[in-house]
Amino acid sequence: MRLSARMTLAATCCTIAFASACSDSTSPNTQDAAHIAAHLDSLYLAAVLDGDTSGVSSFRLTTLSLLELAPALGAPASNITVTTANGTEHWKGFELEDVLESGGTPNDTTYFVVAYRDSDVHTAIVALYDTEGNIQDGVLLTNDTLGVVPSDGSGTTTRTSLGSTCTELSSSLQNPQLTSINPLACNAAAFGTSMTLVVPSDPSVDAALTSLSFPTTTIKGVRILETGSTGEAVVRSLRAMLRKSRVGNRL
C-alpha cells in the first residue's frame, strides 16, 4: 500500500544538526515508566539548550514529547522486534489513542505509534493510523533531527484492552508540551499493531533503515479523551503538523 505524497513533513522541519553523538544501539535501556519519562524529559531540555528552539515545529522536539507522554502517564515501554534491511533489531515503543470529543460524543480518533531504536532516540519511527486503524502517515527520524519520508508502507492497529486511569503527570517533568495537557479522561491501554515501511536510500541514512517492519505486536500505551479546548496536547500538535502536510488522495 503506497504512502501518499502528503507525507512531506520531515523535509521541511527536520534538518537542524543536533550536537549529541549519533551512534545507535539496538538495545534501548529497560526502565520503568517514570524513569523513561524523566530521561526523555532530559533529552527534550537538552535539545532546546543545544539550539533547537523551534518549539512544536521541530520534529525532534515533537517526537520526544510524543514519546514522553505515554510513560509520563504510566505506560511501560513495549519491546518491538523490527526487521530491517540488514536483519533483526530490538526496538521499544509506545502507542497513543487520541480521541477528540464534540458535543459529548467522540467523533475523531487518531492512533500514534512511536518506536525508537536506542535509548537516546537518535533514530525513531512516528506513524499515524486513522479511526479505522489503517496507517496514514509516517516519518523516520534519524541522526537526531533528520526526517526521512517513507516511499511505501502498510500497517494496521486496534485497541485490545482498556485499563485503569492514567498516572498523574509528575511535577518534576519540565517539558511544556506535557504540562499543558488537561484531558477529559485518560486510561492505560494496549494495542495490536503492525507496520511495514520502505525508506528511500540516502547517503546520510543507515542502509539498514531502508526497510522496516514488524508483524502484529502488542504495544502498550494510553487512550486520551479530549476536546478542542482542553489544552495543547502534543498528540494534537503532531496530528495538525502531519495533516497540514497532506496532499493527494488518502491511502
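The count of aromatic pairs in this predicted model comes to 2, where rings of Phe, Tyr and Trp (its six-membered ring) pair if their centres lie within 6.5 Å. A pair of aromatic rings is described by the distance of the centres and the angle of the planes. For Phe94 and Tyr116 the centres are 6.3 Å apart and the planes stand at 10°, so this pair is stacked; planes under 30 degrees apart count as stacked, over 60 as edge-to-face and the rest as tilted. Phe94 belongs to strand 2 (residues 87-102) and Tyr116 to strand 3 (residues 105-116), so the pair ties together parts that are 22 residues apart in sequence. Helices (H or I, at least four residues) and strands (E, at least two) are DSSP runs, numbered from the N terminus. Both Phe94 and Tyr116 are buried (under 20% relative accessible area, with exposed over 50% and partly exposed in between; 1.4 Å probe, protein chains only).

Tyr111 and Phe191 form an edge-to-face pair, at 6.1 Å centre to centre and with 80° between the planes. Tyr111 sits in strand 3 and Phe191 in strand 9 (residues 185-198), so parts 80 residues apart in sequence are tied together. Tyr111 and Phe191 are both buried.

Phe191 is also one of the residues in contact with Thr217, where contact means heavy atoms within 4.5 Å. Leaving aside neighbours within four places in sequence, Thr217 touches Asn79, Phe191, Gly192 and Thr193. Thr217 lies in strand 10 (residues 211-226) and is buried, at a relative accessible area of 15%.

The next topic is a helix pair. The axes of helix 2 (residues 33-49) and helix 3 (residues 59-72) come within 8 Å and cross at roughly 160°. These axes are lines fitted to C-alpha atoms, for helices over the stretch in contact, with angles from 0 to 180 degrees between N-to-C directions. Helix 2 is therefore roughly antiparallel to helix 3 (over 145 degrees; under 35 is roughly parallel, 65 to 115 roughly perpendicular and the rest oblique). Residues of helix 2 including Ile36, Leu40 and Tyr44 meet residues of helix 3, among them Leu61, Leu64 and Pro71.

Asp32 lies in the loop between helix 1 (9-13) and helix 2. Asp32 is partly exposed, at 42% relative accessibility.

Residues are numbered from 1 along each chain as its sequence is written. Local features need pLDDT of at least 70 and side-chain atom pairs count only at pLDDT 80 or more, while totals for chains, interfaces and linings use all residues, and side-chain values use heavy atoms, with hydrogens and water left out.
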